[in-house]
Amino acid sequence: MENKKNILTGERPTGRLHLGHYFGALKRRVELQEDYNTYIIIADVQALTDNFDNPEKVRKNIREVVLDNLAVGIDPEKSTIFIQSMIPEIAELTVYYSNLVTVSRLYRNPTVKTEIKQKKDVFGNEGESVTYGFLGYPVSQAGDITAFDGALVPVGADQIPVIEQTKEIVRKFNKIYGPTLVEPQHLLSENSRIKGLDGNEKMGKSLNNAIFLSDDYETISKKIMGAITDTNKIKKNDPGNPDNCMVYYYHKLVNKDNVKTVNVECRAGTRGCVDCKKELIESMMKFLKPIQERRKYYEERPEVVDEILKKGTEKAGKKAKEVMKRVRQNMKIDYFD
Ligand code: TRP
Ligand code: SF4
């Protein structure tokens, strides 16, 4: 167990997780926990960079994100789930790392750049609403990863520049203070980005185009019935092009056994869109069933979830202390040891 490499991954607790999270990260995460020491960070500090004025939202969603992780098959015996703000070493590392990165480099980070664009203030000005904490979140994320000797970081495509930033900080740190930190590698999922119900390139909670792992039958039915299909297929027996259809896109993900038939019948004009959507609803519910059953098990046992988080956070704290000791020694700030 000790010879295994460490994985550090996780998400901001700002909402329930959806299919985009599943195919972009969680599916792979569940497989990888067999072969790596997996640390899953519930990044509440990072969530607060965007939601500092809404702490209730962050607090509430910690539980939702943990439940979703357990629901998809994260095994608390194999993976360590912990709360970021309970590990003060991460904040400590962030302060030291902040000397190793320039402000202009952070502004140039493609992920940060995109997020700044989405963050216009009430007057429509981009720059004005950028806080010091927000601009520095990639530095804090370097703290998240290195505090656990994270060697592999499975992330979605949009997070790659953030991991790149961690690598730069690690290299600089090791060059100045001697070999101390593990340089991480990012790991991209096969489906690193899932399209939204509206055809948008990205499925996102704030984009209002997501299917959540915990959505019930009625909600899923409504969402799929409203999904974008080939606009040229108007009547039931018109031939269609599944490549222009979001329903087909999801058939490919959750109805692998029958997806070929869907394609052929759509093109031949022997399949109506309403029936096709109904089939997708059934496939989606079948796909989500084991996930939702596991979620329900843990929802009904809040004390078990509390214990998982508490134990995980304790274990993570021990690891971070060990790394912090090394950092302090090599930075020559280990005054009383
Ligand atoms: N930034 C990630 C996201 O928005 C969440 C995150 C925080 C993370 N710390 C991390 C991911 C460390 C990987 C490693 O989804
Ligand atoms: Fe899409 Fe199915 Fe309609 Fe074809 S039949 S356009 S795949 S919903």
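How many residues of the shell around ligand 2 are nonpolar, polar or charged? I started my notebook with that.

**Before looking.** I am working with a predicted model, where local features need pLDDT of at least 70, side-chain atom pairs count only at pLDDT 80 or more, and totals for chains, interfaces and linings use all residues. Residues are numbered from 1 along each chain as its sequence is written, chains are lettered from A and ligands numbered from 1 in the order in which they are written, and side-chain values use heavy atoms, with hydrogens and water left out.

**Entry 1, ligand 2.** I found Thr229, Asp230, Lys233, Cys245, Val247, Tyr248, Cys266, Arg271, Cys273 and Cys276 around ligand 2, each with a heavy atom within 4 Å of it. My count question is settled: six are nonpolar, one is polar and three are charged. Here Ala, Val, Leu, Ile, Met, Phe, Trp, Tyr, Cys and Pro count as nonpolar, Asp, Glu, Lys and Arg as charged, and the others, Gly among them, as polar. Helices are DSSP runs (H or I, at least four residues), numbered from the N terminus.

Next I followed α11 to helix α12 (residues 259-268): they pack at about 155 degrees, with axes 9 Å apart. Axes are lines fitted to C-alpha atoms over the stretch in contact, and angles run from 0 to 180 degrees between N-to-C directions. That makes α11 roughly antiparallel to α12, the word for angles over 145 degrees. Tyr248, His251 and Lys252 of α11 meet Val259, Val262 and Asn263 of α12; contact means heavy atoms within 4.5 Å. I noted three nonpolar residues, two polar and one charged in this contact.

Which angle do helix α3 (residues 55-72) and helix α14 (residues 302-331) make? I read about 90 degrees, with the axes 11 Å apart. The two are therefore roughly perpendicular, a label for 65 to 115 degrees. On α3 the contact uses Ile62, Arg63, Val66, Leu67 and Leu70, and on α14 Pro302, Val305, Asp306, Ile308 and Leu309. Eight of these are nonpolar, none polar and two charged.

Glutamate 115 touches Arg12, Phe134 and Tyr137, leaving out residues up to four places away in sequence.

Note on methods:
Angles under 35 degrees count as roughly parallel, over 145 as roughly antiparallel, 65 to 115 as roughly perpendicular and the rest as oblique.
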